[in-house]
Amino acid sequence: MATFQRTISLPAFPRGFHLITRIIEREFAAELRQLSQGMLQVFIQHTSASLTINENADPTVRQDFESFFNRTVPENAPYFRHNYEGADDMPAHLKAALLGHSVLIPITNGRLNLGTWQGIYLGEHREYGGSRSLVLTAWGE
């Protein structure tokens with residue numbers, strides 16, 4: 001079984017949900033091509049951003065995600081005590097905890113085997129989150 005691992009940096013994205021599938025495919029293309037079948041784990045090394053898989057076609061899905069999570073975990077809630085870095089500090093951590101820090105995707109014939117309408121999202125939950133690091137780990141045959 002072959003195993004590949006690399007850490008990549010994403011550019012800074014504004015707050016919201018952003019498709020990063022193409023970035024991952026481009027940055028890890030050589031490794032993916034070496035696997036006829038396997039798995040790719042994408043892990044984000046941050047506590048205020050998240051990863052998820054959802055529809056990749058209609059941008060209103062990403063807007064609705066942002067609206068839903070902003071209403072579910074509002075800024076300036078009087079019960080939040082962790083606000084050292086601003087009003088979006090604790091809400092960002094909670095949103096990341098709800099969505100998660102990794103996704104697992106099958107690899108088939110050297111390509112990510114996502115569904116037709118699926119894409120990998122970065123959930124950027126801070127106003128100014130900055131560059132984010134992803135650990136990409138692929139294994140298989």
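**View 1. Contacts and overall dimensions of the chain.** In this predicted model, 82% of the contacts between residues at least 6 apart in sequence join residues at least 24 apart. The C-alpha trace spans about 50 × 30 × 20 Å along its principal axes. A compact globule of 141 residues would have a radius of gyration near 14 Å, and the value for the chain, 16 Å, therefore agrees with that expectation. Of the 141 residues, 45% count as buried. The accessible surface of the chain amounts to about 7,700 Å², and carbon and sulfur atoms account for 50% of this area.

**View 2. Order of helices and strands.** The chain contains four helices and eight strands. Followed along the sequence, these elements give the pattern β-β-α-α-β-β-α-α-β-β-β-β.

View 3. Three strands make up an open sheet, arranged in the order 2-7-4 with antiparallel pairing. Its edges are formed by strand 2 (16-19) and strand 4 (49-55), each of which pairs on one side only. On average, neighbouring strands of the sheet are turned by 35° against each other, direction ignored. Four bridges connect strand 2 with strand 7 (residues 118-124) in the antiparallel sense. His-18 has Leu-122 of strand 7 as its bridge partner. Strands of a sheet pair through backbone hydrogen bonds, either parallel or antiparallel.

**View 4. Two helices lying across the strands.** Helix 3 (residues 59-72) lies across strand 2, strand 4 and strand 7, and its direction makes an angle of about 150° with strand 2. Helix 4 (residues 89-99) lies across strand 2 and strand 4, running at about 45° to strand 4.

**View 5. The largest nonpolar core and the surroundings of Ile-20.** The largest nonpolar core comprises 25 residues, and those with the most contacts inside it are Ile-20, Leu-40, Val-42 and Leu-134. At least two residues of this core come from each of strand 1 (2-10), helix 1 (21-27), strand 3 (37-44), strand 4, strand 5 (102-108), strand 7 and strand 8 (132-140). When residues up to four places away in sequence are not counted, Ile-20 touches Leu-10, Phe-13, Leu-51, Ile-120, Tyr-121, Leu-122 and Leu-134. Another core, of six residues, lies apart from the largest one; among its members are Phe-17, Val-61, Phe-69 and Tyr-121.

**View 6. Strand 5 and its pairing with strand 3.** Strand 3 and strand 5 run antiparallel and are joined by seven bridges. One of the residue pairs in view is Gln-41 with its bridge partner in strand 5, Leu-104. In a regular strand the side chains alternate between the two faces of the sheet. In strand 5, Val-103, Ile-105 and Ile-107 make up the covered face, whereas Ser-102, Leu-104, Pro-106 and Thr-108 make up the uncovered face.

**View 7. The hairpin of strands 5 and 6.** Strand 5 also pairs with strand 6 (residues 111-112), in the antiparallel sense and over two bridges. Thr-108 has Arg-111 of strand 6 as its bridge partner. The hairpin has two residues between the strands, and Asn-109 takes a positive phi near 50° there.

Notes
Residues numbered from 1 in each chain as written. Predicted model: local features only at pLDDT ≥ 70, side-chain atom pairs only at ≥ 80, totals over all residues. Heavy atoms only, no water. Pairing = 2+ DSSP bridges. Axes fitted to C-alpha atoms, helices over the stretch in contact; angles between N-to-C directions. Contact = heavy atoms within 4.5 Å. Core = buried A, V, L, I, M, F, W, Y, C linked by side-chain atoms within 4.5 Å. Buried < 20%, exposed > 50% of the residue type's maximum accessible area, 1.4 Å probe, protein only. Rg over C-alpha atoms; globule rule 2.2 N^0.38 Å. Areas by Shrake-Rupley, 256 points an atom, 1.4 Å probe, with all protein chains shown as cover.
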